[in-house]
Amino acid sequence: MIAKNGIDWDAMGFTVYGECPEYKGYINKIHSRDTKENISYEKSYRLWERVIQIDRGNECKNTGILCEQWKQYENFKKWYDENIYEIENEELEFSYKFWNVKNDIISPETSAFIPTEINKVVRNIIRSAETGLMLNVSVQKNLYTIRMFGEGIASSNNKEEIYEIRRAIFKRQMIDFAEKYKGKVPNKIYERLLNFELKEGGQ
């Protein structure tokens, strides 16, 4: 059966029971006919629905443009299956901003699965970009302050001096992440962590 959005469930190895609307369908995997499953339970499908909502502008905290290739679920699922991995006792999150925090295109080239604690840093960088300042840096009466973990780390009237300190702290944090996840994340993510640089207003 070909769904309204163009998904050919039969070609993907599924038999569809009942109605198959635009993004839903009750399926039974051909190799396990005794068990009916709802496609919406598949992690790849749930994530695909989420990026569809981002593309439609229905997630107020996220904006993005879904590439044409991923408007077909089978293309997204192929990428998902080839790129998902597991780390014991760690959660992974989908990010299309990891390679470039200013990116708005959701595509195979711009997306990755990364540990939650790393993605939290990426999200914080994005939020800090709205202030026009570097992550964890604030300014009051021409005094620039690095504030982390609820306390001031350093202050100066010289913005570049504060930025240099903040870059060094960030670099150390990224190297620590790289060493922690070495051999656990794909090599391209490891290399990104080693070369991740903090810039004013994001990067």
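## Glutamate 68

Glutamate 68 counts as exposed, because its relative accessibility is 60%; here exposed means over 50% relative accessible area, buried under 20% and partly exposed in between, with a 1.4 Å probe and protein chains only. This is a predicted model, in which local features need pLDDT of at least 70 and side-chain atom pairs count only at pLDDT 80 or more, while totals for chains, interfaces and linings use all residues. Residues are numbered from 1 along each chain as its sequence is written, and side-chain values use heavy atoms, with hydrogens and water left out.

Glutamate 68 sits in the loop between strand S4 (65–66) and helix H2. Helices (H or I, at least four residues) and strands (E, at least two) are DSSP runs, numbered from the N terminus. Between the C-alpha atoms of glutamate 68 and serine 107 there are 8.6 Å in space, and the two are 39 residues apart in sequence.

The side chain of glutamate 68 makes a polar contact with the side chain of lysine 71 at 3.0 Å. A polar contact is a pair of N or O atoms within 3.5 Å; within protein, one must be able to donate a hydrogen and the other to accept it, and residues adjacent in sequence count only if both atoms are side-chain atoms. Glutamate 68 and lysine 71 also form a salt bridge, with the closest N and O atoms 3.0 Å apart. Lysine 71 is partly exposed, at 31% relative accessibility.

## Salt bridges

A salt bridge is a side-chain nitrogen of Lys or Arg within 4 Å of a carboxyl oxygen of Asp or Glu. By this rule there are 8 salt bridges. Side chains of opposite charge can pair when their charged atoms come close.

Lysine 180 pairs with glutamate 90 in a salt bridge, the closest N and O atoms being 3.7 Å apart. Lysine 180 belongs to helix H4 and glutamate 90 to the loop between H2 and S5, so this pair ties together parts that are 90 residues apart in sequence. Lysine 180 is partly exposed, with a relative accessible area of 39%, and glutamate 90 is partly exposed as well, at 27%.

Arginine 123 and glutamate 93 meet through their side chains in a salt bridge of 2.7 Å, N to O. Arginine 123 is in helix H3 and glutamate 93 in strand S5, so the parts tied together are 30 residues apart in sequence. Arginine 123 is partly exposed at 32% relative accessibility, and glutamate 93 is partly exposed at 22%. Salt bridges with shared partners join Glu90, Glu117 and Lys180 into one network.

## Helix H2

In helix H2 (residues 73–83), the buried residues are Tyr73, Phe76, Lys77, Trp79 and Tyr80. Seen down the axis of H2, these residues fall within an arc of 165°, so they line one face of the helix; the arc is that of the directions from the helix axis to the C-beta atoms. Lys78 and Glu82 are exposed on the other side of H2.

The buried residues of H2 pack against helix H1 (43–55), strand S5 (92–95) and strand S7 (112–115). Contact means heavy atoms within 4.5 Å.

## The nonpolar core

A nonpolar core is a set of buried Ala, Val, Leu, Ile, Met, Phe, Trp, Tyr and Cys residues joined through side-chain atoms within 4.5 Å. The largest such core has 50 residues, of which Phe94 and Phe98 touch the most other members. H1, H2, S5, S7, helix H3 (116–129), strand S9 (143–148), helix H4 (159–181) and helix H5 (187–195) each supply at least two residues of this core. H4 gives the most, with 7 residues.

Leaving aside neighbours within four places in sequence, the contacts of phenylalanine 94 include Leu47, Arg50 and Val51, and also Trp70, Trp79 and Phe113.

## Helix H3

The buried residues of H3 include Ile118, Asn119, Val121 and Val122, along with Ile125 and Ser128. The buried residues of H3 pack against S5, S7, H4 and H5.

## Two asparagines with positive phi

Asparagine 136 is a residue other than glycine with a positive phi, near 70°. Asparagine 136 lies in the loop between H3 and strand S8 (137–140) and is partly exposed, at 29% relative accessibility.

Asparagine 142 is not a glycine either, yet has a positive phi of about 65°. Asparagine 142 is placed in the loop between S8 and S9 and is partly exposed, with a relative accessible area of 47%.
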